[in-house]
Amino acid sequence: MNSGYLSLILLCITLILFASGWKELYVRSISHKGMLLFFALWLVGSSFSITIKQVHIQLVYILVFLISVGILYVTQGFIHKLHLLSIGLLLGSLHFLLQQLLEMDPILIVRNSDWDIAILLAFIAVVLQRSALEQIAAISIGYLLGDMYQAGIHPVGGYHHIGHSTFQDQWWLSVFTARTMTIILQAVYNGCRSVIRSWMERKGGWRK
């Protein structure tokens, strides 16, 4: 599959899920109008770019940057903001490290190097952060930094490309995977808690 198509496929899947009533599970705190605006801006941003000196910037990169800044702004507490920023810095460093490792040793690639990295970063994000908005912000900061690092050492045609199709695919795959994994884990946790509670109630009833 050519790069860029995965992000569009996941965008369509997300639209279908939200239309089916799954929005409250994935991103409860964002309104329907806000989500529609995001999807519209993403489609526009993925189609247009700007060039500043030797840096070629896809407008999607700026959109993800604004999302990160917005979530950091509404996050309560300086320490909480700093913690969220530190998770993003960690993910960005891991993104760059994994990219370099897979380039040096392709035998580590399971299916597709970009997809492998995206799924691994999603798993780390789930372990470090559960809140929907903060999870998205941490992943976004990670990709903003990781893509900047990568573009800095690998110019193409004399230009540093950031926010390109691979960035879009990885961002969507990480965010979608992280939110889906979080929902599944929460459902499993709630189910196990209900079973244990029911078992404890029965046990207490038998003792009586």
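**Reading a predicted model: values against cut-offs**

Q: Why does cysteine 12 count as partly exposed?
A: In this predicted model, cysteine 12 has 43% relative accessibility. Buried needs under 20%, and exposed needs over 50%. The value lies in between, so cysteine 12 counts as partly exposed.

Q: What makes cysteine 192 partly exposed?
A: Cysteine 192 has 43% relative accessibility.

Q: Is alanine 19 buried or exposed, and how do you know?
A: Its relative accessibility is 72%. The cut-off for exposed is over 50%, so alanine 19 counts as exposed. Alanine 19 is part of helix H1, residues 5–19. Glutamate 134 is 115 residues away from alanine 19 along the chain, and their C-alpha atoms are separated by 23 Å.

Q: In which sense do strands S1 and S2 pair, and how do you know that they pair?
A: S1 covers residues 49–52 and S2 covers residues 55–58. Pairing takes at least two bridges. These strands have four, in the antiparallel sense, so they count as paired. Isoleucine 50 stands opposite isoleucine 57 in S2.

Q: What do S1 and S2 form, and how many residues are between them?
A: They form a hairpin, with two residues between the strands. Lysine 53 sits in the turn and has a positive phi of about 55°.

Q: What makes S2 and S3 a pair, and in which sense?
A: Three bridges join S2 to S3, residues 160–162, where at least two are required; therefore they pair. The sense is parallel. Isoleucine 57 has isoleucine 162 as its bridge partner in S3.

Q: How does the span of helix H4 compare with the expected value?
A: H4 runs over residues 59–74, which is 16 residues. From first C-alpha to last it reaches 23 Å, close to the expected 22 Å. Which residues of H4 are buried? Val60, Tyr61, Leu63, Val64, Ser68, Ile71 and Leu72 are, so each is under 20% relative accessible area.

Q: What makes the largest nonpolar core a core, and how many residues has it?
A: It has 48 residues. They count as one core because they are buried residues of the nonpolar kinds, joined through side-chain atoms within 4.5 Å. Phe38, Trp42, Leu91, Trp171 and Trp172 have the most contacts inside it. Elements giving two or more residues include H1, H4 and helix H8 (165–207). H7 gives the most, with 10 residues.

Q: Which residues does tryptophan 172 touch?
A: Leaving out residues up to four places away in sequence, tryptophan 172 touches Ser7, Leu10, Leu11, Thr14, Phe38, Phe39 and Trp42. Each counts as a contact because heavy atoms come within 4.5 Å.

Q: Which residues does the "transmembrane region" annotation cover?
A: An unreviewed UniProt entry places it at residues 6–22, 34–52 and 58–75. In the model, residues 6–22 are 82% helix and 0% strand, with end C-alpha atoms 20 Å apart. Residues 58–75 are 89% helix and 6% strand, and their end C-alpha atoms lie 27 Å apart.

Q: How many helices and strands has the protein chain, and what pattern does it follow?
A: It has eight helices and three strands. Along the sequence the pattern is α-α-α-β-β-α-α-α-α-β-α. Buried residues make up 38% of the 208 residues.

Key: Residues numbered from 1 in each chain as written. Predicted model: local features only at pLDDT ≥ 70, side-chain atom pairs only at ≥ 80, totals over all residues. Heavy atoms only, no water. Expected span 1.5 Å × (residues − 1). Buried < 20%, exposed > 50% of the residue type's maximum accessible area, 1.4 Å probe, protein only. UniProt positions renumbered as here; feature names shortened; annotations may be inferred.
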